[in-house]
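The plan is to look things up one by one and write down what turns up.

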Amino acid sequence: FFVLLLSAITSCNKNKEELILGKWECVAASFTDDGETYPVTDAIGLIWDFKANGTVVASHINQVDDSDTASYSLLDDVLTTTFTNEFGNSDVNSYTIKELNKNKLLLESRNEKEVLTIEFKRI
């Protein structure tokens, strides 16, 4: 039974790893602070391109020549991205995957009273 359970968990995570690969465009984003929700319009058009080698390339639909590359990892329902700048400083962000299918990726990041929600569609 334990082996079957472990196998099922591994295959679920493997499925997410395969599903997330490819290009995703941000179609909606909001920031909630102390119960008040605000749209994050600057995020609309953001493109995240997840690669099989564990990197994600971030660009904006209007600025395809300007991009940043980060590493990413998936563990259960948590997506973690790590961007390291030219000075060696790292910026680590963790998102809970609220929904992931072949067409939609919905992420949420929480800390204390703040919530950031980002919705992507596959392109």
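This is a predicted model: local features need pLDDT of at least 70, side-chain atom pairs count only at pLDDT 80 or more; totals for chains, interfaces and linings use all residues.

**Entry 1: the pocket**

I began with the largest pocket and got a volume of about 210 Å³. Which strands each supply at least two residues of its lining? I found four names to write down: strand 4 (55-60), strand 5 (63-75), strand 6 (78-84) and strand 7 (90-100).

Next I listed the lining residue by residue. Trp48, Val56 and Ala58 are on it, then Asp68, Thr69 and Ala70, then Thr81 and Phe83, and finally Asp91, Asn93 and Tyr95. I sorted the lining by type and got 6 nonpolar, 3 polar and 2 charged residues.

**Entry 2: strands 3 and 4**

Val56 from the pocket list came up again when I checked strand pairing: Val56 in strand 4 is the bridge partner of Phe50. Strand 3 covers residues 46-50, and I see it pair with strand 4 in the antiparallel sense, over 5 bridges. The two strands form a hairpin, with 4 residues between them. In that turn I noted Gly54, which has a positive phi of about 90°.

Asp34 has a positive phi of about 55° and is not a glycine. I located Asp34 in the loop between strand 1 and strand 2 (36-39). Is Asp34 buried or exposed? Its relative accessible area is 54%, and over 50% counts as exposed, so Asp34 is exposed.

Asp76 also has a positive phi, near 55°, and is a residue other than glycine. I found Asp76 in the loop between strand 5 and strand 6. Its relative accessibility is 47%, so I put Asp76 down as partly exposed.

**Entry 3: Thr32**

My last stop was Thr32, which lies in strand 1 (residues 22-33). What does the side chain of Thr32 make a polar contact with? I found the side chain of Thr37 there, at 2.9 Å.

I then checked what Thr32 touches, leaving out residues up to four places away in sequence. Thr37 is on that list too, along with Lys113, Glu114 and Val115.

Conventions: Residues are numbered from 1 along each chain as its sequence is written. Side-chain values use heavy atoms; hydrogens and water are left out. On a 1 Å grid over the protein atoms alone, a cavity is a set of points where a 1.4 Å probe fits but cannot get out, and a pocket is an open set with protein on both sides within 12 Å along at least five of seven lines; lining residues have an atom within 4 Å of a point. Grid points are joined across faces, edges and corners, and a volume is the space filled by probe spheres set on the points. Ala, Val, Leu, Ile, Met, Phe, Trp, Tyr, Cys and Pro count as nonpolar, Asp, Glu, Lys and Arg as charged, and the others, Gly among them, as polar. A polar contact is a pair of N or O atoms within 3.5 Å; within protein, one must be able to donate a hydrogen and the other to accept it, and residues adjacent in sequence count only if both atoms are side-chain atoms. Contact means heavy atoms within 4.5 Å. Two strands pair if DSSP finds at least two bridges between them. Buried means under 20% relative accessible area, exposed over 50%, partly exposed in between (1.4 Å probe, protein chains only).
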